[in-house]
Amino acid sequence: MKDFLQSGRKTDGTVPDLVFEQLPCNHPVSINFTSGTTGLPKGIVHSAVTYLSLLRDYVFHLDLKSGDIVYNDCPSLIWDVLRYMAKYSVSIRSRLKEPGLKFDHLKLLTMGASPAKKRNYEFIYENLNTKDVFLGSQYGATEMFGDFTGFDYNLPSYMGECQVPTLACDVQCFDENGKVRRWSEGRSCDSKASSFTASFYLGRQR
């Protein structure tokens with residue numbers, strides 16, 4: 001780290017002024033590594049335009065506004081959190097029903113990683129002191145630095161199902177033979193490339 005920091009200094013030891021350059025929207029800005037669930041982790045190179053997906057998700061699908069408060073659990077800890085909830089669900093249930101604990105201002109609860117099970121919905125609604133909260137499944141991927149599915153407050157949200165595809169995503173469900181499936185299990189896929197997808201994989205040609 002010391003050598004890396006020193007490489008940014010001039011020969012006299014001073015730090016040069018920052019120079020801001022106008023770059024094309026597809027210029028690489030970050031590398032995100034996948035979890036390696038289905039194979040070795042892949043280095044995914046994202047461009048500046050990829051970050052627009054965050055604006056889309058937070059502004060259009062979650063309808064967040066200035067002054068709203070967001071709690072976002074770190075994805076790398078999600079499995080530890082789930083194991084904790086499975087082990088201590090009784091104590092969590094009792095804490096949710098503590099006297100004086102209110103969720104009057106709670107607007108939205110999202111459950112991610114995959115379509116949440118029906119029992120997850122039931123657990124939350126049974127133990128919250130309010131029913132006036134939108135609850136839904138949210139599914140995304142490192143490859144697109146955002147979500148495949150989002151929310152529409154004008155439509156119902158059903159237990160165990162993702163509600164709507166996010167804007168600019170053509171989400172389809174395919175079987176093992178590559179055929180589109182409706183109302184059955186399959187592998188979800190964004191079937192058309194968009195500006196939100198990765199620029200290229202590290203070590204591979206564009």
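Contact is defined here as heavy atoms within 4.5 Å. The model is predicted; local features need pLDDT of at least 70, side-chain atom pairs count only at pLDDT 80 or more, and totals for chains, interfaces and linings use all residues. Residues are numbered from 1 along each chain as its sequence is written, and side-chain values use heavy atoms, with hydrogens and water left out.

Leaving aside neighbours within four places in sequence, threonine 166 is in contact with Arg56, Asp57, His61, Asp147, Phe148, Thr149 and Gly150. Threonine 166 is placed in the loop between β8 and β9 (171-174); helices (H or I, at least four residues) and strands (E, at least two) are DSSP runs, numbered from the N terminus. Its relative accessibility is 2%, so threonine 166 counts as buried, where buried means under 20% relative accessible area, exposed over 50%, and partly exposed in between (1.4 Å probe, protein chains only).

Over the protein chain, the secondary structure comprises 5 helices and 11 strands. The chain has 206 residues, of which 24% count as buried. Among its contacts with a separation of 6 or more, 51% are between residues 24 or more positions apart.

In soluble globular proteins, nonpolar side chains tend to be buried together. A nonpolar core is taken as a set of buried Ala, Val, Leu, Ile, Met, Phe, Trp, Tyr and Cys residues joined through side-chain atoms within 4.5 Å. The largest such core consists of 9 residues, namely Phe103, Met111, Ala116, Tyr121, Phe123, Ile124, Leu128, Val133 and Leu135. Helix α5 (residues 118-127) provides the largest share of this core, 3 residues. Beyond neighbours within four places in sequence, leucine 135 is in contact with Leu109, Met111, Tyr121, Ile124, Tyr125 and Ser157.

Rings of Phe, Tyr and Trp (its six-membered ring) were paired if their centres lie within 6.5 Å, with planes under 30 degrees apart counted as stacked, over 60 as edge-to-face and the rest as tilted. This rule gives 2 aromatic pairs. Phenylalanine 134 and phenylalanine 151 form an edge-to-face pair, at 5.7 Å centre to centre with 75° between the planes. Phenylalanine 134 belongs to strand β4 (residues 134-137) and phenylalanine 151 to the loop between β7 (149-150) and β8 (164-165), so this pair ties together parts 17 residues apart in sequence. Phenylalanine 134 and phenylalanine 151 are both buried. Phenylalanine 134 also forms an edge-to-face pair with tyrosine 153, at 5.0 Å centre to centre and 85° between the planes. Tyrosine 153 lies in the loop between β7 and β8 and phenylalanine 134 in strand β4, so the parts tied together are 19 residues apart in sequence. Tyrosine 153 counts as partly exposed, at 31% relative accessibility. Ring pairs thus link Phe134, Phe151 and Tyr153 into a cluster.

Serine 199 is located in the loop between β10 (187-190) and β11 (200-201). With a relative accessible area of 28%, serine 199 is partly exposed. Apart from neighbours within four places in sequence, serine 199 is in contact with Asn26, Val45, His46 and Ser47. The C-alpha atoms of serine 199 and threonine 50 are separated by 8.6 Å, although these residues are 149 residues apart along the chain.
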